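Hello,

I am passing a structure on to you, and my notes on it follow below. Please have a look at it first and then read on.

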Amino acid sequence: MVKDPGKNKRLLWREVRRNKVAYLFISPFYIMFLLFMVLPVVYSFYLSLTDVQGIGMVKWVGLRNYINLFQDERFLQAIKNTSLFAVVQIPIMLTLAVILALILNSKRVFLRNLFRSVYFLPVVMSLAVAALAFSMILNKDIGLLNLVLSRMGFSPRDWLNDPDLALWSIVGLVTWRWTGYNMVIILAGLQNIPQELLEAAQIDGAGPWQRLRHITLPLIWPVVFFCLILSMIGAYQLFEEPMILTKGGPMDRTLTIVLYLYQTGFQKFQFGYASAIAYSLVIILLVVSGLQMKLSGGLKD
Amino acid sequence: MRPRSSHIRELSLPMSVAAQIATYAFLIFFLILAAAPFYWTLVSSFRSMGEIFSRPTFLPSRFTLENYVSLSGKTLFWRWTFNSFFVAIGYTLLGLFFCSLGGFGFAKYTFPFRDILFWILLGSMMIPYHVTIVPLFSVFSKLGLVNTYWSLIVPGSANAFGIFFMRQYISGIPTDLMDAARIDGCSDFVIYHRIILPIIKPGIGALAIFLFLGSWNNFLSPLIFMRTSEMFTLPVGLAALFGQWKVEYGQIMAGSVFTVLPVVVVFLSLQRQFIEGLTVGSLKG
């Protein structure tokens with residue numbers, strides 16, 4: 001409608017000036033976003049094309065770091081471990097979270113608030129402290145787990161140093177810490193299901209299992225899916241647990257992508273190579289969440 | 001949560017006695033699993049060093065405070081505690097200010113580019129923090145910020161989750177209140193300070209917990225940015241004790257109790273805000 005583009009621009013400019021307080025109010029985020037996110041991400045890409053070590057000389061190497069990464073057995077092992085971890089741990093945790101949420105959603109459960117609080121409690125423990133506690137619990141000689149197992153007649157195992165068990169220890173720790181958190185989110189989803197829907201189904205003769213399968217589960221699926229995405233992103237950023245519990249060992253069986261990134265960047269100070277690892281992680285995350293979105297869209301159709 | 005009238009019958013699975021027993025056994029089993037690490041940490045902190053390294057038992061043969069004494073005297077524990085508190089409080093206060101102000105800006109003003117700016121904010125949540133640590137470290141070391149409190153307090157304090165959360169909260173406040181104040185000649189900042197802040201107190205509480213805990217429990221940032229042991233925070237300090245040649249389990253467990261106890265106490269007394277705070281951004285989504 002406006003014929004004069006100059007006038008349009010002037011109007012816009014006037015609107016911007018009129019709202020300068022609002023821009024001032026939201027500016028801290030954008031300043032920090034530029035300084036602590038955009039700048040590092042761009043700088044990181046530049047670093048990934050060099051072989052800078054510590055504060056030393058910068059040498060341009062092009063895509064060499066990325067080419068090396070794909071032939072780096074430790075990096076491939078880290079991707080394998082991280083993916084295996086995600087595939088094993090997330091279904092266990094989310095299934096458990098859904099079951100616990102379904103049970104605790106019933107008002108008839110005695111002491112349901114107590115159960116809910118205690119299940120949630122692990123999230124408040126600092127990750128590092130939780131990992132330290134687990135390192136003691138899972139210790140072969142002085143740990144609680146082997147104490148319980150031996151009382152029950154099983155033989156003790158070396159949970160942290162056995163190559164076949166170490167990743168399971170990490171699975172145990174992460175599941176312990178996050179199940180209650182996911183349960184609380186799913187519980188909130190359950191409480192948003194309209195009661196009338198369940199009632200109508202009951203009047204139409206749907207049994208409890210049918211209601212669960214055809215009403216409750218489909219209705220909380222978006223919430224569970226949200227948890228799934230969060231867990232997936234979390235799984236690919238796994239760091240503190242293997243860093244403290246197993247230091248990536250035994251035989252790199254618990255080496256994760258971020259742990260390898262940390263070791264490369266902050267123990268060997270190969271900033272260039274570490275940045276290439278960081279960028280690969282972003283690409284992996286994009287692919288994984290993209291695939292999930294697509295898969296869930298496909299399921300709906 | 002939607003209100004439910006009392007006459008609506010509870011719609012859950014009708015259960016036999018056997019099924020009920022099985023359900024409670026299931027619940028209690030996981031209750032024990034969830035609580036066990038807390039128990040083991042607490043109990044181990046009262047064991048003597050000799051007992052920790054002998055055959056384990058469920059209860060200590062005698063309670064001793066020697067781990068606490070050696071933690072207090074032989075390590076930098078008090079310094080780490082101070083660092084943790086200082087950083088977490090600074091980060092929380094700064095974060096509360098930036099997030100409530102930003103949330104107010106997005107909720108109550110209509111301005112050009114608002115939607116694009118908001119999408120950028122939401123999109124920034126998807127960038128993994130880990131991608132930024134290497135370049136952030138080299139930028140900070142050039143600016144001389146490595147090994148300072150600044151490196152832990154400032155980045156992330158204008159938190160995207162927090163601004164989003166505050167925006168949802170403030171959107172619910174009627175605009176007439178603001179308009180009336182504006183007619184009375186109040187400036188925008190006075191409206192924020194005198195009208196908005198008092199109304200959103202519960203949300204501020206939840207956000208404070210979210211921010212404080214995020215900083216208190218943070219491990220990666222202090223691990224990278226704090227280069228000398230006097231500057232460590234509690235989690236990093238305790239992990240450093242763990243990395244020593246001879247692992248001082250007793251000291252570590254005593255320190256863990258100190259790290260976890262305040263949080264658990266606050267959690268048990270402020271559960272509603274706590275759960276809301278820790279699930280900031282997820283429940284509203």
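Which domains does the domain assignment of chain B give? There are two entries: domain 1 (17-66) and domain 2 (70-278), with bounds that come from an automatic or database domain assignment.

Before the rest, a word on conventions. This is a predicted model, in which local features need pLDDT of at least 70, side-chain atom pairs count only at pLDDT 80 or more, and totals for chains, interfaces and linings use all residues. Residues are numbered from 1 along each chain as its sequence is written, while chains are lettered from A and ligands numbered from 1 in the order in which they are written.

**The domains of chain B**

The centres of domain 1 and domain 2 of chain B, taken over C-alpha atoms, are 32 Å apart. Eight residues of domain 1 of chain B are in contact with seven residues of domain 2 of chain B (contact: C-beta atoms, placed from the backbone, within 7 Å). On the domain 1 side, helix 1 (17-45) and helix 2 (49-52) of chain B each supply at least two residues (helices are DSSP runs of H or I, at least four residues, and strands runs of E, at least two, numbered from the N terminus). Helix 1 of chain B gives the largest share of that side, four residues.

**Chain A**

Chain A holds 13 helices and zero strands. Its radius of gyration is 25 Å, well over the 19 Å that the globule rule gives for 301 residues, so chain A is more spread out than a compact globule (the radius is taken over C-alpha atoms, and the rule is 2.2 Å times the number of residues to the power 0.38). The C-alpha trace of chain A spans about 75 × 60 × 40 Å along its principal axes.

**Where the chains meet**

The contact takes 77 residues from chain A and 76 residues from chain B. Helix 2 (residues 20-48) of chain A brings the largest share of the chain A side, 16 residues.

**One helix to look at**

Helix 6 (residues 130-143) of chain B has 14 residues and bends by about 30° at Leu136(B) (the angle between axes fitted to the seven residues ending there and the seven starting there). In this helix, 10 of the 14 residues are buried, among them Pro135(B) and Phe140(B) (buried: 20 or more other C-beta atoms, placed from the backbone, within 10 Å of the residue's own). After helix 6 of chain B comes Gly144(B), with a positive phi near 70°.

Best wishes

Note on methods: Two residues are in contact if their C-beta atoms, placed from the backbone, lie within 7 Å. The expected span of a helix is 1.5 Å times one less than its number of residues. A residue is buried if 20 or more other C-beta atoms lie within 10 Å of its own, exposed if 12 or fewer, and partly exposed in between; C-beta atoms are placed from the backbone.
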